[in-house]
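Trainee: I have a model open and want to learn how to read it. Where do we start?

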Amino acid sequence: MKIRILAVGQKMPGWVEEGVKEYLRRLPADFRVVFEEIPLGQRRPGSDLQKALAKESDAMLARLKGKEKVIALDVKGKAWSSEQLSSQAEDWRMDGRDVALLIGGPDGLSAECLAQAEQRWSLSPLTLPHPLVRVLLAEQLYRAWTLLSGHPYHR
């Protein structure tokens, strides 16, 4: 199974790159996770926010592959414990399709992106900075894999 994380925003700080790399390098080839960055739509004072969101949305939707299971990270989505995420990951693997996780920009995901999602997942009811979301997501996917494989990481 391959999990593609389509994330709006580029040029993350070094600590984000290091944190994400650390967790992704621990994963086996049959539970591969890759990040793909989507350019942030321009937001300037007085500019049309909907145009920026539409640009991000178009770029994200263009990268989706026909048979992927699409999951949107959305504050209004369902919250999962680490054990529930592990169960979800096992369901994704048994489904036989690759997975695309969508992370929106500062204004979230467009209605079009949310409509493409088969599931909506909320990491937290808190507002989290996008760089931190990447590290948190990489760690939680690694933790889910360790639960599935009986690795002692999750204690």
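Trainee: How many salt bridges does the structure hold?

Mentor: Side chains of opposite charge can pair when their charged atoms come close. Here there are 12 salt bridges (a side-chain nitrogen of Lys or Arg within 4 Å of a carboxyl oxygen of Asp or Glu). This is a predicted model: local features need pLDDT of at least 70, side-chain atom pairs count only at pLDDT 80 or more, and totals for chains, interfaces and linings use all residues. Residues are numbered from 1 along each chain as its sequence is written, and side-chain values use heavy atoms, leaving out hydrogens and water.

Trainee: Which parts of the chain does the pair E36 and R4 link?

Mentor: E36 sits in strand β2 (residues 32–38) and R4 in strand β1 (residues 2–8), 32 residues apart. Strands are DSSP runs of E, at least two residues; helices are runs of H or I, at least four; both are numbered from the N terminus. Their side chains meet at 2.9 Å, N to O. R4 is buried, at 2% relative accessible area. Buried means under 20%, exposed over 50%, partly exposed in between (1.4 Å probe, protein chains only). R4 and E36 also belong to a salt-bridge network with R63 and E68.

Trainee: What separates R26 and E22?

Mentor: About one helical turn, because they are four residues apart in helix α1 (residues 14–26). R26 is partly exposed at 31%, and E22 is partly exposed at 27%.
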